[in-house]
Amino acid sequence: MIIRSRAPLRLGLAGGGTDVSPYSDMFGGAILNATINKFAYATLMPLDIPQIVIKCHDINEHRVFNNVDEFDMKDSKLRLIQGIHNRIRREFNITKPMFYQLETYVDAPPGSGLGSSSTLVVAIVAAFAEWLGLPLGEYDLAQLAYSIEREDLGLSGGKQDQYAATFGGFNFMEFYADRVVVNPLRIKQEYIHELEFSLIQYYTGTSRLSSRIIDAQVKNVADHSTKSIDGMHSLKSLAYNMKEALLRGKLNQIGNLLNDGWQSKKETADEISNPMIDEIYENAVRNGALGGKMSGAGGGGYMMFYVKNCYVYHITNVLKEYGGLVERVSFYDKGVLTWKTNE
């Protein structure tokens, strides 16, 4: 028996960062995001021999562990997988040996700003749940993935990535100290088609360590920095405005809202932008973009622009001059999937 899973990466359209504690605990956060046709994949094959074989094809990391019940977590490159293994054994009181081969791949590099690490955790947890028959609903799966990353492994970040990967589609999410509420949005198909035509992604070719940026945001909020907190309040307000624009088909407003969100985002931490990112952004706006933002925490990875009319072709050529990769956006309306095969 072979178990496969696939979870979609996401674009954060508005409100990014307001899902991170302590802001979400103190004020409540709100984010609008959508999943795209890029995925994290996991293939799990139970073994009859006392081995755990891990193959992470996108980072070219292959390891074999003999007769392991619980990992000691010293192998930093594989901490995500080891943390998942350990937590599932404890959480569900699994005492029998778990021997398997796990192979993973993600369509975007680490530090891309598309939620790749958290999406991979969701895919792997879903594969284990399918194998072991674990009683996990959508909220349970997302919360467990979040808890493994943020609590067990101590990785900085919020909650939106795990919930986006689990639920899929366009969602307006609310974050509080004690709960998360996911509100699926019913957006007309013609609006989605127009979004796909008008949005472009630009991969800068450089990843970034999101934890450093997120830690700076957390510190600023914890220190009651008025500038940072006001920036967060503005980001949250824009998520509500973005929801209304999408539902009513006021799509040109999206470019302006993206621009407003980018300006507010830069107020939350100095590390979010740099001179090169600012130059690329300003050049895109001069050549037809109504607005845009860095995906994820910022500092590198993917940028996203909403482009008016047919300027998308011109801006594609302008951005290519910076040496990065220009991509069109294609949305995906499902969350994590698992299936079994004997092939």
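**A walk through the predicted model**

Asn 60 is exposed, with a relative accessible area of 64%. Exposed means over 50% relative accessible area, buried means under 20%, and partly exposed lies in between (1.4 Å probe, protein chains only). Asn 60 sits in the loop between strand S3 and strand S4 (61-66). Its phi is positive, about 55 degrees, although Asn 60 is not a glycine.

This is a predicted model, in which local features need pLDDT of at least 70 and side-chain atom pairs count only at pLDDT 80 or more, while totals for chains, interfaces and linings use all residues. Residues are numbered from 1 along each chain as its sequence is written, and side-chain values use heavy atoms, with hydrogens and water left out.

Asn 67 also has a positive phi, about 50 degrees, and is not a glycine. Its place is in the loop between S4 and helix H2 (79-91). At 55% relative accessibility, Asn 67 counts as exposed.

Now the whole protein. Its secondary structure comes to 11 helices and 12 strands. Helices (H or I, at least four residues) and strands (E, at least two) are DSSP runs, numbered from the N terminus. The radius of gyration is 20 Å, close to the 20 Å that the globule rule gives for 343 residues, so the protein is as compact as a globular protein of that length. That radius is taken over C-alpha atoms, and the rule is 2.2 Å times the number of residues to the power 0.38. Along its principal axes the C-alpha trace spans about 60 × 45 × 35 Å.

Buried residues make up 57% of the 343 residues. Contact means heavy atoms within 4.5 Å. Of the contacts with a separation of 6 or more, 72% join residues 24 or more positions apart.

Thr 119 gives a view of the buried part. It is found in helix H3 (residues 116-132). Its relative accessible area is 0%, so Thr 119 is buried. Leaving aside neighbours within four places in sequence, Thr 119 is in contact with Ala 7, Pro 8, Leu 9, Ala 40, Leu 114 and Ala 165.

Asp 48 gives another view. It lies in the loop between strand S2 (29-46) and strand S3 (51-56). Asp 48 is exposed, with a relative accessible area of 82%. From Asp 48 to Leu 155 is 107 residues in sequence and 33 Å in space, C-alpha to C-alpha.

Next come the rings. The structure holds 16 aromatic pairs. Rings of Phe, Tyr and Trp (its six-membered ring) pair if their centres lie within 6.5 Å; planes under 30 degrees apart count as stacked, over 60 as edge-to-face and the rest as tilted. The ring centres of Tyr 23 and Phe 27 are 5.0 Å apart and the planes stand at 40 degrees, so this pair is tilted. Both residues lie in helix H1 (residues 23-27), four residues apart, about one turn of the helix. Tyr 23 counts as buried at 1% relative accessibility, whereas Phe 27, at 35%, counts as partly exposed.

Phe 65 and Phe 71 form an edge-to-face pair, 5.0 Å centre to centre with 80 degrees between the planes. Both of these residues are buried. Ring pairs also link Phe 39, Tyr 41 and Tyr 332 into a cluster.

One backbone detail remains. The peptide bond from Ser 21 to Pro 22 is cis, with omega near 10 degrees. Pro 22 lies in the loop between strand S1 (2-14) and H1.
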